[in-house]
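These are my notebook entries on a two-chain model. I set down what I looked up, in the order in which I looked.

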Amino acid sequence: MTDNTNAISLVDRRRFLKLAGVSSSGLILGATLPNFQPAWADIAGTAAKDKSAAPLNLFVSIAKDNTVSIVCHRSEMGQGIRTGLPQVVADELEADWDLVEVVQGLGDKRYGNQNTDGSRSIRNFYTTMRTMGASARTMLEQAAAQLWSVPASECQARKHRVHHSASNRSASFGELAELAATQKVPAEDTLVLKTPTNFNYIGKPVATYDTPAIVQGKGVFGQDVILEDMLIASIERAPVLGSKVAAVDDSAARKISGVVAIENMDGGIEPPLFHPLAGVAVIATNTWAAMKARRALDIEWTDTSHASHDSAPFIETLKQRVQQPGKVVTKYGDVASSLASAAYKHSATYSVPYLAHASMEPPSATAVVKDDHCEIWACVQVPQATQQHVANALGLTPEQIKVNVTLLGGGFGRKSKPDFAVEAALLAKKMQRPVKVVWSREDDIRHDYFHAAAASHFESAMDDDGQVTGWQQRTAFPTISGTFANGVEHPSNGELSLGFADIPFDIPHRQCETAPAEYEARIGWLRSVSNIQNAFAVCSFADELAHLRNRKPDEFLLELIGEDRHIDPNQGDFEYGNHGASLKDFPLDTARLKQVLAVTAAKADLTQKGDHVQKAGEGWGIAVHRSFLSYVGIATKVAVENGRVAIKEMHCVADVGLAVNPDRVESQMEGSMVFGMSLALMGGINMEKGAVTNSNFHDYPLLRMQQSPKMSVTLMGTEHAPAGVGEPGVPPVAPSITNAIFAACGERIRDLPVNKHLQLV
Amino acid sequence: MELTINGKVHQVDVDDDTPLLWALRDELKMTGTKFGCGAGLCGACTIHINGNPARACLTPIAAAKGAKITTIEGLSDTGDHPLQQAWVKHNVPQCGYCQSGQLMSAAALLANNPTPSEKEIDSAMSGNLCRCGTYPRIKAAIQDAVHYYNASEQQEKQGGE
């Protein structure tokens, strides 16, 4: 790629050694990795510690002691990506997994996209990782060929050694490492990828790389970073969006021992982007002193237009608006006349409240700023955006910001917003000492980028035979676009692509519309995003129609979906996102949806012909939904007795295509069921006068073990290309529960959460 | 102040009202015990005080004086406590943040009740939240560890005799 490879490599190695003591992450250098194309890099410095490692490409280096270091450039937040991606590389490389060391990649645009969101790490990097592994394997084979003076085609890598069977010679990867690094990097089109029958690790339940450390308390999360001479900051932030500090009395706080400084944080910026909120930071020698002194602050905040926002009446307003004509997104046939001439009509309005992420680890970031350089350690999903936003705040360039990604104690989309890393950087600059910003649970719940409160309305027309002929749907919720631009009141095409304008039903007259919603609090992505409200509403409404027409829900759904076909939801100005993939590579395939539906229905004992109650107080509900290019069905059994509901069983059927690590796919589906139960049964952020009234797990509860039912996960469709895993399990959970509740007791819950209507056991 | 943690005596110089959690994490740099809620609601900071599970975030350091404190770092020397082995076998953790607390609650349960019923497991673990949703695997791992645990207890007893 370049003529001066060695020179560059040497310089980088020196820089690496300088930094090696600071972090276990190697210095990553190499050629540009545009988008998802592999880097044909002949330079890289992924070497771990002081082993003399030979970098073979951006992602792989091999040390003389036989250790293979593989870079994971995506953030680990429990989805198992630090196992999944390296496992793909190791397979193509023919490495022995026991000799693999996973190195966390720094924030660096040469990796291409590092935003760990959208359930896309595997689906977007599967081929890249295979190519990286194959490239390194080929270079090792070339090295062996040179060593033995035989044709490379006669040398074959197998389980961490290269073999030449004709002469019965072999050499370990470590023995070949240095020579391999001098080989010409093979052109992409010359690489031969393994055939799936020869996979050692892909498709196998390889044990999670970090588990042994985690069970000994040795995993290092954002909150766990400790630097020499470090100070701790706890920040009291503006309770209402747009508000700033008007006055502060910190005299009592300053008297608390351990307090080093008290600093005003600028803020109140709209649109909020990833700017820190306005507030007052207490900086102390220890966390307890910082928290205690913070409670002693007396702060007056400026008034803002959002201070009249009350979430409960806001949701009622949205529900009114979606019952009025709105802005048309897509239109098929003539809905108005189909509704006017319908033999039967039905309508329903649904709502989902604001929701918080509440990852078990509250956000935290540590920063050091020296002259024109800043180093960050943080539990972020977006290391490059962190570089960018920290650089903006400090007046530096992204290249001057080094971002070390720690383990994330859960992310779910919250840690895609690096506001907390910017806070740490600003305070570290002020203090000229390392500063760790520790968010408390209360901070996390009150100052989230919330899942939008949403209302949805559906109207349907049916003919004499019970066929659905017309379908009107309307939605309103504060858009995530409001986080990036002022005055946006309608959802983006991206949000409308999440189970709204892509409903896979074969209905001749259909219309999708939006109604406006004001942006009153920071809004962001939460695991599966708008699919939450869309799947809840669509799968509920379809179930309502089935029961109204005395039909079994699964049979009715099959009819609604119609023939096996590929659907193209693009129409007019509506550009379908398809989760960033092309419809050619990942069609919206009704056959796969119907297969998942059939298997899901078989898990349940579904109600026949309007007979709601199978056994006194028990009922099954199902829901199926395509999101993140995957198809997931949930079957749930509930028991309702004396106004109290318990989830008895839950079964997940998932077609996510090829499961690189089936055990981690199953665990993601288990987790999605628990996440979905929390939001459906008890999730809800309440705002009064613009401020969040919830504060901790007593008033923002999560599902606990005794509420967690017997579960199963069935994977299917593994012959297809790998699709999304982290999020698509969530959307069908809520409607499967409320459909089951209807089957059990005849009560239709249209406003989440369930515990507003029924007590939870 | 002197604290006995995992069999070793440590000196800490902090205010008496400091929760044990921050003495462990900030002063002693033992970060295995996690900060989740600061209010005893999530169990991420679960430790043992004289063998009983306690929330380090609600335990003032003054109350820990003279007590035998065990943290996740002291659950075993090499990560081979039957529960740690079962956690690995069942691949329990997802993000892993709550797992120190989960393991400490489970270890206290088995130490006091070597053959817990499913209800007793639910009850002992009800104070430990997991946002990733590892509950089914935690339960399976505890049930599995019960067999190892009782077998190794048995061996120890026999060895002692």
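What distance separates the centres of domain 2 of chain A and domain 3 of chain A, taken over C-alpha atoms? I read 37 Å between these two centres. I note at the outset that this is a predicted model, in which local features need pLDDT of at least 70, side-chain atom pairs count only at pLDDT 80 or more, and totals for chains, interfaces and linings use all residues. Residues are numbered from 1 along each chain as its sequence is written, while chains are lettered from A and ligands numbered from 1 in the order in which they are written.

**Entry 1: domains of chain A**

I looked up the domain bounds, which come from an automatic or database domain assignment. For chain A the assignment lists domain 1 (5-213), domain 2 (222-304 + 363-438) and domain 3 (322-355 + 449-760). The contact between domains 2 and 3 of chain A takes 13 residues from domain 2 and 15 residues from domain 3; two residues are in contact if their C-beta atoms, placed from the backbone, lie within 7 Å. On the domain 2 side I find seven nonpolar, three polar and three charged residues. In this classification Ala, Val, Leu, Ile, Met, Phe, Trp, Tyr, Cys and Pro count as nonpolar, Asp, Glu, Lys and Arg as charged, and the others, Gly among them, as polar.

**Entry 2: Asp372(A)**

I located Asp372(A) in the loop between strand E15 (364-370) and strand E16 (373-378) of chain A. Helices (H or I, at least four residues) and strands (E, at least two) are DSSP runs, numbered from the N terminus. Is Asp372(A) buried or exposed? Asp372(A) counts as exposed because it has 10 C-beta neighbours inside 10 Å. The scale calls a residue buried if 20 or more other C-beta atoms, placed from the backbone, lie within 10 Å of its own, exposed if 12 or fewer, and partly exposed in between. Leaving aside neighbours within four places in sequence, I find Asp372(A) in contact with Leu396(A) and Gln400(A). Gln400(A) is 28 residues away along the chain, yet the two C-alpha atoms are separated by 6.7 Å.

**Entry 3: chain A against chain B**

I counted 47 residues from chain A and 43 residues from chain B in the contact. Helices H5 (211-214), H7 (287-295) and H17 (662-682) of chain A are the elements that give two or more residues to the chain A side. The largest share, seven residues, comes from H17(A). By class, this side has 19 nonpolar, 20 polar and eight charged residues.

**Entry 4: domains of chain B**

Chain B is divided into domain 1 (2-74) and domain 2 (82-160). Their C-alpha centres lie 21 Å apart. Domain 1 gives 15 residues to the contact and domain 2 gives twelve residues.

**Entry 5: H3(B) and H4(B)**

I then examined helix H3 (residues 82-89) and helix H4 (residues 99-112) of chain B, which pack at an angle of about 130 degrees with their axes 10 Å apart. From H3(B) the contact uses Leu83(B), Gln84(B) and Trp87(B), and from H4(B) Leu103(B), Ala106(B), Ala107(B) and Leu110(B). These divide into six nonpolar, one polar and no charged residues. The buried residues of H3(B) are Pro82(B), Leu83(B), Gln84(B), Ala86(B) and Trp87(B). Just after H3(B), I note that Asn91(B) takes a positive phi of about 50 degrees.

Key: Axes are lines fitted to C-alpha atoms, for helices over the stretch in contact, and angles run from 0 to 180 degrees between N-to-C directions.
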